[in-house]
Amino acid sequence: MRNGSGSTFSVIGSDVVITGNITATVDLHIDGKIEGDISCASLVQGADSVVSGAVTAETARLAGKVEGSIDAKELVIEASAHISGDIAYETLSIEQGGHVDGQFRHKSSKAVNTPSASSTAKETSEPLILEA
């Protein structure tokens, strides 16, 4: 199927149960049950959908049940969502009523490898002098 912008997307209907991992280079809309990991460009999950596995996507809009970790640049957790698993994100929106049991980790775009002032002073055994 093609959406309005001309890109392709796939739909997994509410009567479909898939056991196994799913990898898609296109957008994916899930209304059924998935027992396995999902990796796709963009994921939209229906409110009655169940995913038992890890989710990796550029963007994800979750409304159903997810039992597994989530890794997404842009993540929207809708009010009907129930997530059990850790979440890594760059941007996050949780609607009132959305439920998450897990830890949140922001995916920083910058990795800082500079030691803190207190650790530097302890390692060198010399006083640390900071100038403004």
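Predicted model: local features only at pLDDT ≥ 70, side-chain atom pairs only at ≥ 80, totals over all residues.

User: Why is Leu92 called partly exposed?
Analyst: Its relative accessible area is 31%. Partly exposed covers values between the buried limit, under 20%, and the exposed limit, over 50%, so Leu92 belongs in that class.

User: What makes Leu92, Ile94 and Phe104 a nonpolar patch?
Analyst: Nonpolar side chains are joined within 5 Å, and each residue needs over 30% relative accessible area. Together the three residues have about 230 Å² of accessible area.

User: How do you know that Lys73 and Glu58 form a salt bridge?
Analyst: The N to O distance is 3.4 Å, and the limit is 4 Å, so the pair counts. Lys73 is in strand 10 and Glu58 in strand 8, 15 residues apart.

User: Why is the pair Arg61 and Glu78 said to tie together parts of the chain?
Analyst: Their side chains meet in a salt bridge at 3.0 Å, N to O. Arg61 lies in strand 8 and Glu78 in the loop between strand 10 and strand 11, so the bridge ties together parts 17 residues apart in sequence.

User: What makes the link between Lys107 and Asp71 a polar contact?
Analyst: Their side chains are 2.6 Å apart, and the cut-off for N or O atoms is 3.5 Å, so the pair qualifies on distance. Lys107 itself lies in the loop between strand 14 and helix 1.

Notes: Residues numbered from 1 in each chain as written. Heavy atoms only, no water. Patch = residues over 30% accessible without salt bridge, like charges linked within 9 Å, V, L, I, M, F, W, Y side chains within 5 Å. Areas by Shrake-Rupley, 256 points an atom, 1.4 Å probe, with all protein chains shown as cover. Buried < 20%, exposed > 50% of the residue type's maximum accessible area, 1.4 Å probe, protein only. Helix = DSSP H or I, 4+ residues; strand = E, 2+ residues; numbered from the N terminus. Polar contact = N/O pair within 3.5 Å; in protein donor to acceptor, adjacent residues only side chain to side chain.
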